Amino acid sequence: MKVVKFGGSSLSSGEQLKKVFEIVVSDPERKVVVVSAPGKRSSDDIKVTDLLISCAERVIEGKDPGILIEAVAERYRSIANEAGIQGDIAAKIKENLLDLLSQSNKDPERLMEAVKASGEDQNARLVAEYFQSRGVNAAYINPGKAGLIVSDEPGNAQVLPESYNQLMSLREHEGIIIFPGFFGYSADGNIVTFSRSGSDITGSILANGLKADVYENFTDVDAVYAVNPGIVEKPEEIRELTYREMRELSYAGFSVFHDEALMPAFRAGIPVHVKNTNNPASPGTRIVSQRLNKNGPVVGIAADKGFCSIYVSKYLMNREIGFGRRLLQILEEFQISYEHLPSGIDDISVILRQDQLSPSIEKEILERIQSELGADEVKIMYDLSLIMVVGEGMRCNIGTMARASRALARAGVNIEMINQGSSEVSMMFGVNETDERKAVKAIYEEFFISIKV
Ligand SMILES: Nc1ncnc2c1ncn2[C@@H]1O[C@H](COP(=O)(O)OP(=O)(O)O)[C@@H](O)[C@H]1O
Ligand SMILES: N[C@@H](CC(=O)OP(=O)(O)O)C(=O)O
């Protein structure tokens, strides 16, 4: 049995919906279909989820969301028309949205959650209706009824372990299940969404709960590429990746698969297969526990912006017991999470996502580090991009770090910081954001297209 997820790009129009239908019915193993809200039809289009967020924001600010409601209804109307679904399903969707938005007595955060989730929920109902109109036994299933219970953290829900057993009963269901992605219910019955792009997470949870043979994730590219195709034209396609490699790459910017979505599939040992809705015959990319190391040391290069580094130095820091703990405690008191912690003998850098800081928080943190830890120097560097070079083959290859740093030097990129992941499947370079593309291209050329002599 297969759990299949279709992203927003795969469901952005009626034509796309027809492709989704053909893919699902072409394989009787495809029993559970997880759907996102309609995504972009072209690069300048707006995702339904973004329209819904703007709708809810306007209501919360006491403004009229009229045009936005129309825009949402129009997206569903055009999909239904193109797919030839009878009846005015868009009118029903609009009515439901108006109904949701009229509950402005709701806590704003709850309202936002319900409105955001409605994109997937309404789309799952529409997709089910389309499948039925094509004579297939398919039904919309509500995540709450199916037992997908999550923590009550709006916009960052985490699945609760009891969900897995409850979801297992979906195996008894006759016919195809159409399941909305992106949200679950808290134990108190509130709708709570995962982080953005979280329908990937729903698919993985269902694959685990139903003990699927494979989790197929359909998107709009032929494979996971060795670098973001927005940076390098027609990059090399990756046929097979390990969970660990994919985790590192999606953490650092491979937006094709959500970084939180690997864990449920990984725990149950279920392979993830990334495939293209627009070219289903293409072999795609399989994400598995182990793979044969047939390629070189590097399998992929990812990059992500928006980091800063707090650099702290103090003579004899290495001998001072508890220095690191006290430094991190200051950050913890500001509810700030850190990403990496490269260190030397007398210095340490804390890398974090810079959107957690404001000028006043920054000032307080730096002052406290200076006064409470007696640091000789404390400084902060903004606008860093982290370049992650990933591959299981790195462990048994000598000189990978040297090759990557030589490639950066040749491209004239200054390395602000280096960190070798403890897992030994990745190494990380911190560079100025303005050098990000240049750095990724240079490392890609070194490992994938340089002429070996
Ligand atoms: N390394 C990569 N390999 C493939 N796609 C990537 C990579 N990095 C970024 N992407 C982008 O991810 C997009 C697919 O993810 P997303 O837009 O979330 O799809 P969906 O709508 O199916 O959820 C691709 O169109 C591509 O631009
Ligand atoms: N629609 C949600 C969830 C999602 O997974 O979407 P997509 O499959 O288009 O990335 C979002 O935009 O965040």
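In this predicted model, the largest cavity holds about 50 Å³ of space. A search of the whole structure finds one cavity of 30 Å³ or more. By class, six of the lining residues are nonpolar and four are polar, and no charged residue takes part. Helices H3, H4 and H5 each contribute at least two residues to the lining of this cavity, and H4 gives the most, with four.

The length of H3 can be checked against its residue count. The helix covers residues 66-83, and at 1.5 Å a residue its 18 residues should span 26 Å; the end C-alpha atoms lie 26 Å apart, so expectation and model agree. Just after H3, Gly84 adopts a positive phi of about 75 degrees.

**Domains and pockets**

The chain is divided into domain 1 (2-221 + 256-288) and domain 2 (300-449). The C-alpha centres of domain 1 and domain 2 are 36 Å apart.

The spaces found in the model are set out below.

| Space | Volume | Element giving the most to the lining |
|---|---|---|
| Largest pocket | about 800 Å³ | S7, three residues |
| Second largest pocket | about 490 Å³ | S13, five residues |
| Largest cavity | about 50 Å³ | H4, four residues |

The largest pocket is lined by 35 residues, and those nearest its centre are Ser9, Lys47, Thr219, Asp220 and Ser255. Helix H8 (199-209), strand S7 (214-219) and strand S8 (224-225) each provide at least two residues of this lining. In the lining of the largest pocket, twelve residues are nonpolar, 15 are polar and eight are charged.

The second largest pocket has a volume of about 490 Å³. Of the 26 residues that line the second largest pocket, Ser250, Tyr251, His258, Asp259 and Arg353 are the closest to its centre. Its lining draws at least three residues from each of domain 1 and domain 2. Helix H9 (243-251), strand S13 (300-313) and helix H14 (436-449) each supply at least two residues of the lining of this second pocket. The lining of the second largest pocket has nine nonpolar, nine polar and eight charged residues.

**Individual residues in loops**

Asp435 is found in the loop between strand S17 (426-432) and H14. Is Asp435 buried or exposed? Its relative accessibility is 15%, and a residue under 20% is classed as buried, so Asp435 counts as buried. Apart from neighbours within four places in sequence, Asp435 is in contact with Val413 and Asn414.

Most residues other than glycine have a negative phi. Ser197, although not a glycine, has a positive phi of about 70 degrees. This serine lies in the loop between strand S6 (191-193) and H8. With a relative accessible area of 41%, Ser197 is partly exposed, because that class covers values between the limits of 20% and 50%.

Gln335 is likewise not a glycine, and has a positive phi of about 60 degrees. The loop that holds Gln335 runs between helix H11 (323-333) and strand S14 (347-353).

How values were computed
Residues are numbered from 1 along each chain as its sequence is written. Chains are lettered from A and ligands numbered from 1 in the order in which they are written. This is a predicted model: local features need pLDDT of at least 70, side-chain atom pairs count only at pLDDT 80 or more; totals for chains, interfaces and linings use all residues. Side-chain values use heavy atoms; hydrogens and water are left out. On a 1 Å grid over the protein atoms alone, a cavity is a set of points where a 1.4 Å probe fits but cannot get out, and a pocket is an open set with protein on both sides within 12 Å along at least five of seven lines; lining residues have an atom within 4 Å of a point. Grid points are joined across faces, edges and corners, and a volume is the space filled by probe spheres set on the points. Ala, Val, Leu, Ile, Met, Phe, Trp, Tyr, Cys and Pro count as nonpolar, Asp, Glu, Lys and Arg as charged, and the others, Gly among them, as polar. Domain bounds come from an automatic or database domain assignment. Buried means under 20% relative accessible area, exposed over 50%, partly exposed in between (1.4 Å probe, protein chains only). Contact means heavy atoms within 4.5 Å. The expected span of a helix is 1.5 Å times one less than its number of residues.
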